[in-house]
Amino acid sequence: MTDVLKADRRTRLNRDRVLQAAVSLADEIGIDSLSMRRLAQELQVVPMALYKHVSNKEELLDGMVEAIVAEIDPPETGADWKSAVRLRVLSARRALQRHHWARRVIESRTTKTPAVLAYWDSFIGMFLDGGFSADLTHHALHAIGGRMWGFTQELFDDPAVPAAATPVAMPPAAQSEMLQQMAELYPNIATIAALSAHDDASVVGQGCDDQFEFEFALDLLLDGFEQLHSEGWNSKLGLRGTA
């Protein structure tokens, strides 16, 4: 009887347990290898047991996004709007760095779940609570784009390369020859490449400190929003108040 009770406790599921297990499994084996059957094996249940909590793979992915959103810190209490937005965005970035598959899943979602809508609502609220007009807030959100989720389309990003892949080290002589050829064919690109060769671990290739570039662009945007807000900008007047 004791063994039966232990087995019952082990297999007793709820939606949160299913989603957390799916997130952990995706971290381990990658999102492409995640399936309902594989998840059932991980939870030591039959696949049909999962369908009481998620009706299909798409609903499972929606729920996994909800789990990621739950890892993002809430708006900082008492902070000014600029600090609150910055901290929230960087918290979202940390969440995505813990789960390298999450960006692809977030971008693929067509259903906006209550958790996602609540995140959007609270993100918008940081601007409105800071005195921004709805008009400027609308355009600020367009400018921030994927940064509100902690990612952005990097200049040299290659979506065909898995995020966890380790770049192959190029011998110094081969690298020097490549740079020389690039300098002859594309001198302007070579100039930038030579300056930015400071972080070999970058996911954008030979070159850029992803975190620095992310925060650099984020701060430029926030500074710009702050200036437009102080000027009373609105979209009917156009940029800098000129039609």
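Analyst: Asp219 and Arg86 form a salt bridge, with the closest N and O atoms 2.7 Å apart; the term stands for a side-chain nitrogen of Lys or Arg within 4 Å of a carboxyl oxygen of Asp or Glu. This pair links distant parts of the chain, since Asp219 is in helix H12 and Arg86 in helix H6, 133 residues apart. Helices here are DSSP runs (H or I, at least four residues), numbered from the N terminus. Asp219 counts as partly exposed at 25% relative accessibility, and Arg86 is also partly exposed, with a relative accessible area of 24%. On this scale, buried means under 20% relative accessible area, exposed over 50%, and partly exposed in between (1.4 Å probe, protein chains only).

The model is predicted: local features need pLDDT of at least 70 and side-chain atom pairs count only at pLDDT 80 or more, while totals for chains, interfaces and linings use all residues. Residues are numbered from 1 along each chain as its sequence is written, and side-chain values use heavy atoms, with hydrogens and water left out.

A second salt bridge joins the side chains of Glu226 and Lys82 (2.9 Å, N to O). Glu226 lies in helix H12 (residues 210–230) and Lys82 in helix H6, so this pair ties together parts that are 144 residues apart in sequence. Glu226 is partly exposed, its relative accessible area being 38%.

A search of the whole structure finds 12 salt bridges. One further pair is Arg109 with Glu58, whose side chains meet at 3.0 Å, N to O. Arg109 sits in the loop between helix H7 (102–108) and helix H8 (114–129), whereas Glu58 belongs to helix H5, 51 residues apart. Arg109 is buried, with a relative accessible area of 12%, but Glu58 is partly exposed at 44%.

Glu58 and Arg109 are also linked with Asp62 in a network of salt bridges. Asp62 is found in helix H5 (residues 57–71) and is buried, with a relative accessible area of 11%. Leaving aside neighbours within four places in sequence, Asp62 is in contact with Arg109, Thr111 and Thr113, where contact means heavy atoms within 4.5 Å. In general terms, side chains of opposite charge can pair when their charged atoms come close.

Technical notes: Helix = DSSP H or I, 4+ residues; strand = E, 2+ residues; numbered from the N terminus.
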